[in-house]
Each structure stands twice: as C-alpha cells, then as structure tokens.
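Subject: Structure for your attention

Dear colleague,

Please find below the structure that I would like to hand over to you. I would be grateful if you could read my notes with the sequence and the structure open beside them.

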Amino acid sequence: MSDEVPAEKGSEAFLGKVAAAVEAGLEPGHGSGPDAELDDYDRLLASFGRTFDEDVRIAIHEAGHAVCARVLGHAVGGVTVNPDPVRGFEGLCWGVGHEEAFAQGGGDASHVRDALCSVMPQAGEDRRPVADVFGNVYSKCIEFMAGRAAERMLLDEEPVVPTDDLRQARELAMLICSSEEAIDAFIAHCDLAARDLLMPYGYVLMSLSVILRIKRTLDGAEIDQIIRDMEAQKALAVERRRRAEWRERELAASRFRAECERTSALSLSRPAYDRVV
C-alpha cells in the first residue's frame, strides 16, 4: 500500500473524504497553499513527470479494468496508478497471483498463447473440449478493453491508444481467430462489450478512480469494499427517493380525499329544492 495519503479504510470519515474529493476534485495548481495533502499530490505528480489530467486518465483507465473484472466475476489482486519504470507501465491492474507469475517469467498474454496454441483445435476438429478456453479468452479480452471503455465514458477526449492492452488482447485473440480481419473485428466487439458492462457503473468508476488517486495503490479487498460501499450508498439513495415519492403520493391522496369530503359536505348542506334529483 502507498503511504502518500493516509485514509481511514471502511470508516464514515473515509467515505466523507471520498465524497468531498469526488465533488470537488483534486484540482491542479494548488501551489503552496495550506492543504498539505494537495501539496504532496502535486509534488508526487512532478516526481513522476505526470500532469494532473494524465493522472486522472490513468486512474480512470485502471479503475475500468478493475470494475470490469469484478462485474465478470473475476478476482482482482490489486490496482495501482504509480508507474513502474522497470516493467514499463504507467498504471496496472492485476489478478490474484499475477505478480507471482511475473516473478516466474510468466503472466503475459503471450505466455498464455504459447502454452495453449498447440492444443487448440484445427479446422474441422471438435471445439467442445476447449470451450472454456474460448470463454476465458472472450472475457479476458473484454477486461483488456475496459480501460479504454472507461476513459470514453468519463472523459471528453479520445483515449490514448492502450498499446499493451491491445497487444495482449491480440495475443489471446490469435487463439480463436484465424486472420487479422477476424482479430480486429473480435477486439472491436470486446471494446463494445466492455462499454456495455461498465455503463451502469459509472458512479463506481468515478469514485474508485478518485480514491485510487488519493491512495495510489489498492488491493483486492479494498476494491471490493469500495464497490460495496458505493452500491450501498446507491441503494440507500434509491430507497430514500422511493420513500419520498411514496410520501408525495400519500399527501396527494389525502388532499384528494379532503377535497372529495368537502365537496360532498357542501352538496349535502344545500337546500333540498336546490339539489339535483
């Protein structure tokens, strides 16, 4: 975990701080103001050679990978927006056991393809024994495209081409596609599928990306807790709105009933000869 900005995980104070950050944003150009955490944030970005907008984009991108993985039911080991010059990434979302795989010389999609390509069926051969491989390739390629899909959802500018995401998606797509045109079409479909999966969870993406910029690195348990907290807050807001609407209906019904009773009373109080028979 990163120590740049401490946070009270799981507490109301932490959620309040997150809500304030989501609402106000971590705007650049704070200079040497009284807020030490924002000064630290500016200095941190300067040490990376990264602008505020770039940090926002990277956080949204990595949050997209994490949320998509959880929507698909895949475990997430963690996510970071701090760069790693050795591995050459600006941010990273990894699965459970991913770092151990890297340490052992594996973990990249190219290694997966190398291990499986010899057992994949040829033309005319039964594909049922490797149906799970086809399904896993499809869902993993959706995850690879989810970072760019999240950027398109939350940012105005066209995303930077995710070179490594596309490379790994193509490596996996080669297991089930037999031409470059088929690979391109398959990845375009996965791009659209990632957007469709993420669209209902824009509020989770935004919140997770802001918390990620505050803490810099989150493990899988923290990611799940943030998602649970956001889902609980959404459910609470929906319930409050439902109760408010129900109360409005009750008041409208009471007013209607009172008006009917008043009209009936006036009708009965009129003289008999003035009533309509």
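This is a predicted model: local features need pLDDT of at least 70, side-chain atom pairs count only at pLDDT 80 or more; totals for chains, interfaces and linings use all residues.

Overall fold. The protein chain contains 10 helices and three strands. Their order along the sequence is α-α-α-β-β-α-α-α-α-α-α-β-α. Of its 277 residues, 36% count as buried. When contacts between residues at least 6 apart in sequence are considered, 66% of them join residues at least 24 apart.

Helices H3 and H9. Helix H3 spans residues 52-71 and helix H9 spans residues 202-215; the two pack at an angle of about 125 degrees, and their axes are 8 Å apart. H3 is therefore oblique to H9. The crossing of this pair is right-handed. On the H3 side, the residues that meet H9 include Phe52, Val56, Ala59, Ile60, Ala63 and Val67, while Val204, Leu205, Leu208 and Leu212 are among those that H9 contributes. Sorted by class, the contact of H3 with H9 comprises 11 nonpolar, two polar and three charged residues.

Helices H6 and H8. The axes of H6 and H8 come within 7 Å and cross at roughly 65 degrees. This crossing, too, is right-handed. From H6, the contact draws on residues including Val137, Tyr138, Cys141, Ile142 and Met145; from H8, Phe186, Ile187, Cys190, Leu197 and Leu198 are among the partners. By class, the contact of H6 with H8 has 16 nonpolar, one polar and four charged residues.

The nonpolar core. The largest nonpolar core holds 51 residues, and those that touch the most other members are Met145, Leu198, Leu208, Leu218 and Ile223. Two or more residues each are given to this core by helix H2 (36-48), H3, helix H6 (131-154), helix H7 (163-173), helix H8 (180-198), H9 and helix H10 (220-269). H3 provides the largest share, 10 residues.

Which residues does isoleucine 223 contact, leaving aside its neighbours within four places in sequence? The partners of isoleucine 223 are Ala66, Val76, Gly78, Val79, Leu208 and Leu218.

Yours sincerely

Technical notes:
Residues are numbered from 1 along each chain as its sequence is written. Side-chain values use heavy atoms; hydrogens and water are left out. Axes are lines fitted to C-alpha atoms, for helices over the stretch in contact, and angles run from 0 to 180 degrees between N-to-C directions. Helices (H or I, at least four residues) and strands (E, at least two) are DSSP runs, numbered from the N terminus. Angles under 35 degrees count as roughly parallel, over 145 as roughly antiparallel, 65 to 115 as roughly perpendicular and the rest as oblique. A crossing is left-handed if the near helix is turned anticlockwise from the far one by less than a right angle, and right-handed if clockwise. Contact means heavy atoms within 4.5 Å. Ala, Val, Leu, Ile, Met, Phe, Trp, Tyr, Cys and Pro count as nonpolar, Asp, Glu, Lys and Arg as charged, and the others, Gly among them, as polar. A nonpolar core is a set of buried Ala, Val, Leu, Ile, Met, Phe, Trp, Tyr and Cys residues joined through side-chain atoms within 4.5 Å. Buried means under 20% relative accessible area, exposed over 50%, partly exposed in between (1.4 Å probe, protein chains only).
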